[in-house]
Amino acid sequence: MAIMERGDDGQEARGRPSPEPDKKPGRLPPRPETYGELLNDPTIRRWAVRAGVAVVVGIVFTVVFDLRIGLTAAILAVIADVVRRARTSSSVAAWQKSSAAERRTERQLRALEKKGYLVLHARAVPRDTDGVSDGRIDHLVIGPSGVYAIDSEKWDKRLPVRTMSHLKLFHGPFNKKDRLDEARWEAEQASRMLSERVGFEVPVQPSVAIYGPSIPWKVMRVRDVDVYAGNQARGYLRRRPKILTETDVRRIYKVASETLPPIYREEEDERQETA
């Protein structure tokens, strides 16, 4: 999400003297920001907290050791907080409340950008009439090895995961057929919508990245859905042969950005209508 700077709508033409501020109709002089307003800014508030923590850490270590160690500890405290927030941040709006599993997959996928992969998170596709799918793709990945719809799942680690003849997936005693059908439906809808706009067939491979229980295989295709451990998401994509050119990747990504709306925007519209 980029930051854009906008000029004053009332800016005068070049070379034309601007009127005095108190003579300009309809304009009031800018009101200086108060300390309260500054503290309401989340960025300023976050750095104020960091500064406070750094001061406390610095004082403690200075008293126990010396000033040099105290300054070093204070700097390290700030760096540690910056790194922690960077690792837990998400490109999805904060109020969307993406799951911890989705954020973990998102961090893996960031590392693939330098390999030519482009990713869209939390994208909407049509829901089916039987209620199998909620119409959401957690991560749509477009790269040299193809297009993938990845759903991130956090399952109870105490229950084993097993499969039967590549047709059934179980988590303990629970049959996950509906979860696989949902992933396949969403990928099919994305493929149909992208193919219509791009002008050639765009297969979208559904997959489920599972966090929590141990997965006794690297990648298993069950009911046409690839299933693997969540921490293998990046390797899952990198091991596949290249089938798309850089031009194809960017073209499909552009169409996907325009065709598959972000879920959080749709939910925001629903909230506004309800209000």
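Select M164 and K168: M164 stands opposite K168 in β5. This is a predicted model, where local features need pLDDT of at least 70, side-chain atom pairs count only at pLDDT 80 or more, and totals for chains, interfaces and linings use all residues. Residues are numbered from 1 along each chain as its sequence is written, and side-chain values use heavy atoms, with hydrogens and water left out.

Now widen the selection to β4 and β5 (residues 168-171), which pair in the antiparallel sense over 4 bridges. Strands here are DSSP runs of E of at least two residues, helices are runs of H or I of at least four, and both are numbered from the N terminus. Two strands pair if DSSP finds at least two bridges between them.

Next, select β7, residues 204-211. Is this strand enclosed or open? It is largely enclosed by the rest of the structure, because 8 of its 8 residues are buried (buried means under 20% relative accessible area, exposed over 50%, partly exposed in between, with a 1.4 Å probe and protein chains only). Both faces are covered: V204, P206, V208 and I210 are on one side, and Q205, S207, A209 and Y211 on the other. In a regular strand, side chains alternate between the two faces of the sheet.

Bring in the neighbours of β7. Strand β3 (residues 146-154) runs parallel to β7 and is joined to it by 8 bridges; click A149 to find its bridge partner in β7, P206. Strand β9 (residues 225-229) also pairs with β7 in the parallel sense, over 4 bridges, and there A209 has Y228 as its bridge partner.

Time for the surface. Select V55, V56, I59, V60, F61, V63, V64, F65 and I69, which make a nonpolar patch of about 820 Å². Patch residues have over 30% relative accessible area and no salt bridge; like charges are joined within 9 Å, and nonpolar side chains (Val, Leu, Ile, Met, Phe, Trp, Tyr) within 5 Å. A salt bridge is a side-chain nitrogen of Lys or Arg within 4 Å of a carboxyl oxygen of Asp or Glu. Helix α2 (residues 42-64) gives the largest share of the patch, 7 residues.

Last stop: K114, K115, R234, R238 and K242, gathered in a positively charged surface patch. K115 lies in the loop between α4 (100-110) and β1 (118-124).

Key:
Areas by Shrake-Rupley, 256 points an atom, 1.4 Å probe, with all protein chains shown as cover. Lys, Arg positive; Asp, Glu negative; His and termini not counted. Charge placed at Lys NZ, Arg CZ, Asp CG, Glu CD.
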